[in-house]
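I'm jotting down what I look up, starting with a strand pairing.

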Amino acid sequence: MRFSINWLKEFIPDFNYNDKTKETLELCGLEIENEIKLDLSFKDVVIGEIHKIAPHPKKKNLLLTSVKILGSDTSLKQIVCGAHNIKEGDKVPVALPGSIINQVKLEVKEIAGIISEGMLLSLKELGFPEEYFPKSHEGIVILKDVSDEDKIEKILSLPDVILEIKIFPNRSDLLSIYGMARELATILDLTLSKSYLCFEPSESHGPVKLEIENFNDCPYYSASVIEDLKVTDSPSIIQIKLLKSGSRPINNLVDITNYVMLELGQPLHVFDYRSLQEDIVRVRRGKFSGENLMCLDNSMKLLDDSILVIATANESIGVAGIIGGLDSGMQKNTSKMLLESANFSPEIIRSGRRKLGISTDASYRFERDLDPYLAELARNRALELIQELGYGVITGTTTSFKKLLHIEKIINFSATEVNNFLGTDLTISEIESSLKNINYELINDNFIVKPPSHRRDLEIPQDIYEEIGRIIGYNKIPGILPPITNMAFTHKINLETNLRSLLVNLGFTEVINTSLVSEDEISLFEQPLKLINPLSKDMSLFRSSLLPKILTTAINNLKFGVKNLTIFEIGKIYRETEKSSLALLITGELFSNNWLKTNIKHDFYHLSGVLNRISEELNLNLQIYNNVPSQINMKSYNFFHPFCRALIVKDGNEIGYFGEINPFLIAELKPQVGKIFLAELFFDFPVKPDNHKFTSFYDLSRFPSVERHLSLTFPPEVNFRNIREKIDSIKIKYLENINLIDLFTNFDDENKTSYTFSFTFRSKENSLNEAQVKEEIEKIIKGLKTIGGELRGNI
Amino acid sequence: MIDIKKIKIQVEQSNTLGELEALRINLLGRQGVLNSYLKDIKNLPLDERKKQGEELNCLKEELECIINKKIESINYSLILEKLKKDSIDPYLPPFPINIGRMHILNRIINKIIQVLERLGYETVEGPEVETEYYNFEALNMPIHHPARDMWDTFYLNNGRLLRTHTSPVQIRTMESHKPPIKIIAPGRCFRKDNPDASHYPIFHQIEVLYIDKGVSFAHLKGTLEYFARSMFGREQEVKFILSYFPFVEPGAEVAVKCVICKGRGCITCKQTGWLEILGAGMVHPEVLERQNIDSKIYSGFAFGMGSERIAMLMYGINHIRHFLDNDLRFLNQFKFSLED
């Protein structure tokens, strides 16, 4: 909210805004978001009355005015003006030759062939920056209710500083000049020169018949009838205060409601009395079946029973606490009006505001739970102003409210409790001095606090401890490290952490991508979660796979000239439930180009090697299957090359897939992008790693190993998995390791494949002799022959 | 007699193994000079024979020694000659060895976890797709609470929402554990913020919660002082700026001396000398009571921070987009020995 320091000073004349007070305010939670300095940037500006307006003889869009300067001789000044919001008789600020505007001395000027003996001024020229006061820059300032003696700097109340202060949602009492002044007086220990006290309201009966459906929605309502209205513009002094607060002057009566809202924090509303049928005001929920209302912002709204409305005999005339109806709004010729000052429940205002999508200064305040006593105070203040300024005659007021409008809270605590909570050694008198602006009683060392009705935030002892803490200063409380209890030295490292460091050890670089993706990107993957209110189309879905974004990452880097990528990402995805996922991506070669011409091309087998390493190191028991997927969506599987992909299986469940990217998907990017290999694995949430198996040491054999190579051919229908499973099924003694060291496909006319294995044997008891090894090799050959193997060589 | 000097010169002058072999045969071979002298000895008287025999043996040993030494030296030169073919130019570019790297954001998160684990905090996680209950209601923000506006929330078509902070993990932990509770909860959060240099709809937070008997505001302050010093240097100070979060009371924003200018005032700290790095406070009794923790016996504190903000401050990163852009030129700037 914007606070004019000059306006605040009407309540706290001793307020001195400087770096020190600014810091105190900030430490107490009043964050100053912006500071608009309004300097006195002009000198010798006078007030003139427009005597006559004529078109400029040469230039169409200019006006020629003759202006009488107030308090000077009767001679008229001829002034050329570009703005058209003036009429004869208007009083305006005038800069005559010799005066200073924006540090520049004004001289007599010829404008399009006509001498201009001065300048009529707008707010911008008087030092109100347009970016902060956009609503107020519509031409020349028309002064209202000014006398010959008035000084323009006094009317504009310059110099001034406007503070934009962030107000926490629990401090509705700070949403006004008076409320802020009261707070500053407490924090800075200043005297309030004028105070408004709230009292319990009293019922009254006026011309209006008031029907309140439910006091929980509307705990207080007051309807005043005012007749013999004179609708005009507000005095300049009021207009300027509104403008400085960011509110736009409309007419004297609407302005009064805004003025009182800014001053005291209570939103008020005025209705043209002609819209009232049978003198009835009903505060009720919208009709269950819905009803339409054309609102003041020219939008048609459907009101239902989750919205509180102000209605008359047959129809609604406004949305309670949010916005009025257009037809019941004040007109130029309105002669009788209804002034509403009410308290509405924050819940009903918030629900209506959200449903209608209209947020106003009034709804903002009501949502933050206003002091229920404030409505009567504000009504009295508004009526007083109307009477004082002679805007109309008050006929009567009808007031109705809930019994026990405000239940006084009683908060009990002891000095010991304060000190235990804050970790301090405050004496009772220190605590007392920090509570001097809150009603309290002290019985022995027990405090009994009765917070005032405007402090809606003070409910429990902790709220008071905060109050004590901030008045004393949080920075004066000592810092104490708590005793180190709960020594959780088990140091549980979850699967994610393990995977991350393992992959880094394997030379992978970690990337982190957004979780929000576009429809196009994720279309191949399982139905993602949709955002109801996305920020943009590109970020409208919660990812169901990491692959689309890691691919984008790769492509972006490749486009930037990177040739080799070895990257991974670990993150959360959503597939029926939230899961952790790991994505791997490799492309190009293992090493960057080098003069040694040493390199390894990234391929499918490299990626399966990484998966195998993960499986072994983390004891995950992953298997690779070349089946048609059953659990994983086939559409997702088509992300991969139809002949270069495989499933990752764990304990019989398909938990991921990998392979070369389907070349069709990156066809347009050719030839910039080579083959890209990706893998994705899903882990159920929360991660339950199987890798806590105790690893135990085994003793090493001291005897030499024996290595034998064996080459066999197999018919094309036998794949490596068949061979491997066969070998695994044979009981081979002393076998330490098997390696496939050579492979030929299409070996002969029958399209057989030749595999060369290296078998390593070792015994723990002795050096193996030829006969022992031969026996094992024979077993292997015999076994492999049963699945179509033919021996080529045995070395 | 044999002229040993002359022979030495002959040996010295031989450059090949062949020449030396010829010389050796000539001197020491069966038909060699030395043998011919030995044959002659037989005819000498016994004394003389003994004496000359000894002399000739010495001579033989000396000659063998000279020749062998020379052979060795030639062999060495020959090997050296061969090794020369392996000679390298140490100034040539070295082989491009690879290294893996963790993302800087996760390194920062790990560092924060390490610092707090020393105090006995345990790392836990919670879901990103959350319910209204955990994200708001249980945190003392019932349905129409105006504070809900402090967090612009993304809602999902399955009736859930994307968590706007890691604070729901507090509730989930209180549900499943009895006090004392001492946890760190890192994780991804979402807010419907328009992106700028320091905001992005997707960001990461770290939440810390400590509930036990007799936990005071001074304990919160002491913990934050320890944390700030561990992260930003021994001399760090912390400053509390009163703030409001519905799930703590009192609540504060915590600032540290600007790490860029050391408090003198710069662009990063907007000339204030201080940087707000986290939100903190004493757990609101309402939050405890809702989870059946007796707020008369137990109290606690919580604080939470944005990982991106901490990383940006520590390394002077000027725009939040770098974290999710994954430009390798950015990721590779953070070397292995980074002080983190």
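I looked at β23(A) first: 4 bridges join it to strand β25 (residues 446-450) of chain A, and the two run antiparallel. Strands pair if DSSP finds at least two bridges between them. Strands are DSSP runs of E, at least two residues, and helices are runs of H or I, at least four, numbered from the N terminus. Within this pairing, Ile411(A) sits opposite Val449(A) in β25(A).

A note on the source: this is a predicted model, where local features need pLDDT of at least 70, side-chain atom pairs count only at pLDDT 80 or more, and totals for chains, interfaces and linings use all residues. Residues are numbered from 1 along each chain as its sequence is written, while chains are lettered from A and ligands numbered from 1 in the order in which they are written.

Next I checked the whole sheet. It is open, has 3 strands in the order β23-β25-β24 (chain A), and pairs antiparallel. β23 (411-414) and β24 (439-443) of chain A are at the edges with a single partner strand each, so one side of each has no neighbour in the sheet.

Then I moved to chain B. Helix α2 (residues 17-28) and helix α4 (residues 46-84) of chain B pack at an angle of about 170°, axes 10 Å apart. Axes are lines fitted to C-alpha atoms, for helices over the stretch in contact, and angles run from 0 to 180 degrees between N-to-C directions. That makes α2(B) roughly antiparallel to α4(B), a label for angles over 145 degrees.

How values were computed. Angles under 35 degrees count as roughly parallel, over 145 as roughly antiparallel, 65 to 115 as roughly perpendicular and the rest as oblique.
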